[in-house]
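Please work through each task before reading its solution.

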Amino acid sequence: VCEYDITKQLRNDVGESLISTMIVDESAEIETAKVVFSIMSSTRNRKTLLQDHSYMVVSFMRDTSEIWRRGLLEKMRRDEAMDPSSRAQVRLSSDSSGSSVEMGVLSIGDYQYSKHLGELVLSMKEATGLDAKVEKVQGGKWAWFDNFSPREYLPEAYDPTPAMKQYEEQKPFGRQSIFQLEQTEDGEPIVPLYLAEAIALSLFVVGARDKLTPQMDEDMEGCVITSLYDAGSVVLVWDGRKHLDINLFSYDQDEEVAVEFISVFQKIQGSVALTLRDDQPRGIGRVVNFQSDIDHVDVLIEIEHEDDNDDGDDDEGEEGIESAQADDDEDEEDDDDDDEDDE
C-alpha cells in the first residue's frame, strides 16, 4: 500500500470529524509506521486530518525489538518542535507475572498535559489493576516571544523570616573536608602501610596524636584506614588501584587545617594528584555556614551601627559651624557699634 492510497483512505474515513487520538497497536509494522509518519509530516495533512492541531498518539512496546515505536513518537514530537508538545514513557507492570510493557504517550497542543497524563495513569491503574509508573517526560522547545520583558523580583518581594530563623538557629561544630586523589601515571605503586604513615604524619602536623594501622581483607582489594582522635576523625579508602578518598573532620573550623593536612599528605605519599576537594560545615540546626561566616556578618552589622553614630558626630559638627557663624555675626554687630561711637 502506497502513501497516496493511505492518505486518500484516511481523508475519506475522517470526513468532517478530525482525528483526536491515534493508537499504534500490536499489529502495526514498522513499514506502516514510516508511511504514517511521512503523511503526518505534511503540514497540509495535519490540518486536514488532525483535530485543531491538537491530538494524542499512544503506542505500546513490549521489548527493545520494537524500539521503533518509541522512535516514531519522538520523531513526531520533534516535528512539532515547539511547546506544548510532550512525549511520556509509562511503564505498566504486573506484580503477579513479573511482565511489563512500555506505553508511549505523545500529546500535541495540550497546555495541561501534566494534569491529563496523571489522570490517564490513574485510570490505567484502576481499569487494568497494573502498576503504572511514569519513567520519562520529554517536552518541546519554549515558544519565542518578541520583545519579551520578564518580571523581575527584588529581594523585598520575598519573606526573609524563614531564612533568618534558620540562620540564627544553626550551630556549626566543625569542618568536613572530602578529598579525592589519583595516582599519577609515573607514580610509585600505592602501599597500605605507607598510606597509614602518611595519614599519621599529616595528623601530627595539624596537632593530632594517633597511631594508625591499616585494616585489610585478603579477599578484597585496597584498604580502609580510620582514626578517631580528640580533635576530629579521618577515614581513608583506597580502591586497590589508583584512587584514594579521604574524609577529614575537624572541630577546628579553620580552613588552614584542611589545607595543611592534604599538603603534607601529598608531599609524604608523593605521586598522587588532588582531583576534587569539597568542604562543608557540620553541626545542628540545618547548618550551612561556618562560624567565621557568621562572625563576619555580625562584624558588618556592627560597622553599620558605627556609621549611624558617625551621623551624630556630623550633626554636632554642623551645630558647631552654625555656632561659629553666629559668633561672627555678633562680632560684626560689635564692630558696627564701635563705628557709630567714633562718629
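**Exercise 1.** In what order do the five strands of the open sheet lie, and is their pairing parallel or antiparallel?

*Solution.* The model is predicted; local features need pLDDT of at least 70 and side-chain atom pairs pLDDT 80 or more, while totals for chains, interfaces and linings use all residues. Residues are numbered from 1 along each chain as its sequence is written, and side-chain values use heavy atoms, without hydrogens and water. Strands are DSSP runs (E, at least two residues), as are helices (H or I, at least four), numbered from the N terminus; two strands pair if DSSP finds at least two bridges between them. The order is S7-S8-S9-S6-S10, with antiparallel pairing. Strands S7 (223-229) and S10 (272-284) form the edges, each pairing on one side only.

**Exercise 2.** Over how many bridges do S8 and S9 pair?

*Solution.* S8 (residues 232-238) and S9 (residues 243-250) are joined by seven antiparallel bridges. Within this pairing, Leu236 has Ile246 of S9 as its bridge partner.

**Exercise 3.** Identify the residues of the largest nonpolar core that touch the most other members.

*Solution.* Such a core is a set of buried Ala, Val, Leu, Ile, Met, Phe, Trp, Tyr and Cys residues joined through side-chain atoms within 4.5 Å, where buried means under 20% relative accessible area (1.4 Å probe, protein chains only). Among its 23 residues, the answer is Leu195, Leu236, Leu244, Ile246, Phe261 and Phe265. Next, consider the elements: S6, H7, S7, S8, S9 and H8 each supply at least two residues. H7 gives the most, namely five.

Note on methods:
Buried means under 20% relative accessible area, exposed over 50%, partly exposed in between (1.4 Å probe, protein chains only).
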